[in-house]
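Student: I have a structure to get through today. Can we go over it piece by piece?
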Amino acid sequence: ETKAERKARKNTNKGCRPLGESITSVSVPAQLPINPSGATRYVVCLKYGNKYSADYVNKLYNMVKRNLTLDHEFVCFTEDATGIDPAIRIEPIPLISGVTGWWYKPMFFNPKLPLRGTLLFFDLDVVIFKNIDNLFSYEPNKFCIIRDFNRHVIRNYNKFNSSIFRLTTGQHSAVYTDFIKNPTGPVRRYHGDQDWIRATVNDGDYAYWPDESIQSYKWEMRG
């Protein structure tokens, strides 16, 4: 064994490529990260039309920032981002003929939503004044939603209120996939998105937020 051969053998054993040895080029397809921000928790809201101004989005963003200590990204889905704080991530609404307002909420159940992780949805007229970390930790991996506020007059009321809900991307995807096949059907048949969600999600496959955690100012807090 010559000195050069001995050197080459040692380099090979160390995992080094001997000088002058050719290598085969391996092409690995580049993969874009699903979440460019690195977030796995999202607080999301919906702004459609002119019922609520950008100011409502900005106020909700600031309330969340004050009352959520967990790492998260705030995302607003809208067809008009005018006046929204530039710190807020904007995702465009895919406009659908015959669909307006709250009927865009089934979009958050789209398994191809450009957010991958846990989504916590808030309506724009919600007021947050205490820490909300528990809304991410309560009943982990379950779809969570408000028991409708008619609970204050009807005991064991078992209907949804979609002002605040939490899901994992792709969870209960039929809420979106069945809706998008014929949006005008559910819009005509049901009073609102929350009734469609309730009709589509199987019994036992969800959890209600504790009544005391989320309350209606009009029905439960004014006294």
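Predicted model: local features only at pLDDT ≥ 70, side-chain atom pairs only at ≥ 80, totals over all residues.

Student: OK. What percentage of the chain's residues count as buried?
Tutor: Of its 223 residues, 42% are buried. Buried means under 20% relative accessible area, exposed means over 50%, and partly exposed is in between (1.4 Å probe, protein chains only).

Student: Which strands does β1 pair with?
Tutor: β1 pairs with β4 in the parallel sense, over four bridges. β1 also runs parallel to strand β2 (residues 73-78), and six bridges join these two. Two strands pair if DSSP finds at least two bridges between them.

Student: Which residues face each other there?
Tutor: Arg41 stands opposite Thr118 in β4. Val44 has Val75 in β2 as its bridge partner. Between β1 and β2 the chain passes through helix α2 (residues 54-67), and this β-α-β crossover is right-handed. Right-handed means that, with the strands pointing away from the viewer, the path from the first strand over the helix to the second runs clockwise.

Student: Is β1 itself enclosed or open?
Tutor: Strand β1 (residues 41-47) has six of its seven residues buried, so it is largely enclosed by the rest of the structure.

Student: New topic. How many salt bridges does a search of the whole structure find?
Tutor: The search finds seven salt bridges. A salt bridge is a side-chain nitrogen of Lys or Arg within 4 Å of a carboxyl oxygen of Asp or Glu.

Student: Which residue does Lys105 form one with?
Tutor: Lys105 forms a salt bridge with Asp123, and their closest N and O atoms are 2.9 Å apart. Lys105 is in the loop between β3 and β4 and Asp123 in the loop between β4 and α3, so the pair ties together parts that are 18 residues apart in sequence.

Student: Are those two buried or exposed?
Tutor: Lys105 and Asp123 are both buried. For Lys105 the relative accessibility is 5%.

Student: What else does Lys105 touch?
Tutor: Leaving out residues up to four places away in sequence, the contacts of Lys105 include Leu46, Phe121, Ser162 and Asp193. Contact means heavy atoms within 4.5 Å.

Student: Which residues of α6 are buried?
Tutor: Arg198 is one of them, along with Asp193, Gln194, Trp196, Ile197 and Thr200. That makes six of the eight residues of helix α6 (residues 193-200), a helix that is mostly covered. These buried residues pack against β6 (160-168), α4 (174-181), α5 (184-189) and β7.

Student: Last thing. How many aromatic pairs are there?
Tutor: The whole structure has 18 aromatic pairs. Rings of Phe, Tyr and Trp (its six-membered ring) pair if their centres lie within 6.5 Å; planes under 30 degrees apart count as stacked, over 60 as edge-to-face and the rest as tilted.

Student: Why does the pair Tyr138 and Trp209 count as tilted?
Tutor: The planes of the Tyr138 and Trp209 rings are at 35°, so the pair is tilted, and the ring centres are 6.0 Å apart. The two residues are 71 residues apart, and the pair links distant parts of the chain. Tyr138 is partly exposed at 27% relative accessibility, while Trp209 is buried at 2% relative accessible area.

Conventions
Residues numbered from 1 in each chain as written. Heavy atoms only, no water.
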